[in-house]
Amino acid sequence: MNRLVIAIDGPAGAGKSTVARMVARELGLTFLDTGAMYRSIALQVLEQSIDPEAIETVSDLAHGSAIFLSPLDSMGNQKVCVGGRDVTQEIRTPEVSQMTSRISAIPEVRSAMVELQRSISRQSEHGVVLEGRDIGTVVFPQAEVKIFLT
């Protein structure tokens, strides 16, 4: 079955998430908030008091995390769960944002998240709309639609 992949990239604050949610809802595709995935790992690093410099430990955490992103609700919101626990609000704190910047720079973490993003895409019935850093160049270079939103 062919699945449509729409990759939206661009600088911070350009409205990537807003546009991606709207497109996903309009086309009936899965919305994949890649930033929420990285934030979920950052939250776990903080909660478990893991040193972000402990690359192997953070990498193991990223590879073993059970991250679930719900379908968009009627308002365009998405629930983010880690290990069955709703962390939607918790991943949006300033502390998590700061840690996300640190752990997202770890190549092993990026690799784990790319694997998960590709896996979710393969499982999506009709396709996905993804937004985030390097989505159209690294994660889905074969995406049918690539947008660089400024």
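In helix H3 (residues 55–64), the buried residues are Val-58, Ser-59, Leu-61 and Ala-62, where buried denotes under 20% relative accessible area, exposed over 50% and partly exposed the range in between, computed with a 1.4 Å probe on protein chains only. Because these residues cover an arc of only 160 degrees around the axis, they lie on the same side of H3, the arc being that of the directions from the helix axis to the C-beta atoms. Glu-56 and Gly-64, on the other side of H3, are exposed. The cover over the buried residues of H3 includes H2, helix H4 (94–103) and helix H5 (107–123), contact being defined as heavy atoms within 4.5 Å. Helices (H or I, at least four residues) and strands (E, at least two) are DSSP runs numbered from the N terminus.

The model is predicted, so that local features require pLDDT of at least 70 and side-chain atom pairs count only at pLDDT 80 or more, whereas totals for chains, interfaces and linings use all residues. Residues are numbered from 1 along each chain as its sequence is written, and side-chain values use heavy atoms, with hydrogens and water left out.

Within helix H2 (residues 34–47) is Arg-39, which is buried yet has no salt bridge, the nearest side chain of opposite charge being that of Asp-33, 6.7 Å away. For this assignment Lys and Arg count as positive and Asp and Glu as negative, while His and the chain ends are not counted; a salt bridge is a side-chain nitrogen of Lys or Arg within 4 Å of a carboxyl oxygen of Asp or Glu. A polar atom of the Arg-39 side chain instead lies 2.7 Å from the backbone oxygen of Ile-91, and the side chains of Arg-39 and Ser-97 are joined by a polar contact of 3.0 Å. A polar contact is a pair of N or O atoms within 3.5 Å; within protein, one must be able to donate a hydrogen and the other to accept it, and residues adjacent in sequence count only if both atoms are side-chain atoms. When residues up to four places away in sequence are not counted, Arg-39 touches Ile-91, Arg-92, Thr-93, Val-96, Ser-97 and Thr-100.

Across the whole structure, six salt bridges are found. One of them joins Asp-33 and Arg-21, with the closest N and O atoms 3.8 Å apart; this pair links distant parts of the chain, Asp-33 in strand E2 (residues 30–33) and Arg-21 in helix H1 (residues 16–27), 12 residues apart. Asp-33 counts as buried at 5% relative accessibility, and Arg-21 as partly exposed at 22%. A salt bridge also forms between the side chains of Arg-102 and Glu-53 (2.9 Å, N to O); since Arg-102 lies in helix H4 and Glu-53 in the loop between H2 and H3, the pair ties together parts that are 49 residues apart in sequence. Arg-102 is partly exposed at 44% relative accessibility, whereas Glu-53 is exposed, with a relative accessible area of 55%. Arg-85 and Glu-90 likewise meet through their side chains in a salt bridge (2.6 Å, N to O). Salt bridges that share partners join Arg-21, Asp-33 and Arg-92 into one network.

Three strands form an open sheet, antiparallel in its pairing and ordered E3-E4-E5, with strand E3 (67–69) and strand E5 (85–86) as the edge strands, each pairing on one side only. Strands pair if DSSP finds at least two bridges between them; two bridges join strand E4 (residues 80–82) to E5, and Cys-81 stands opposite Asp-86 in E5.
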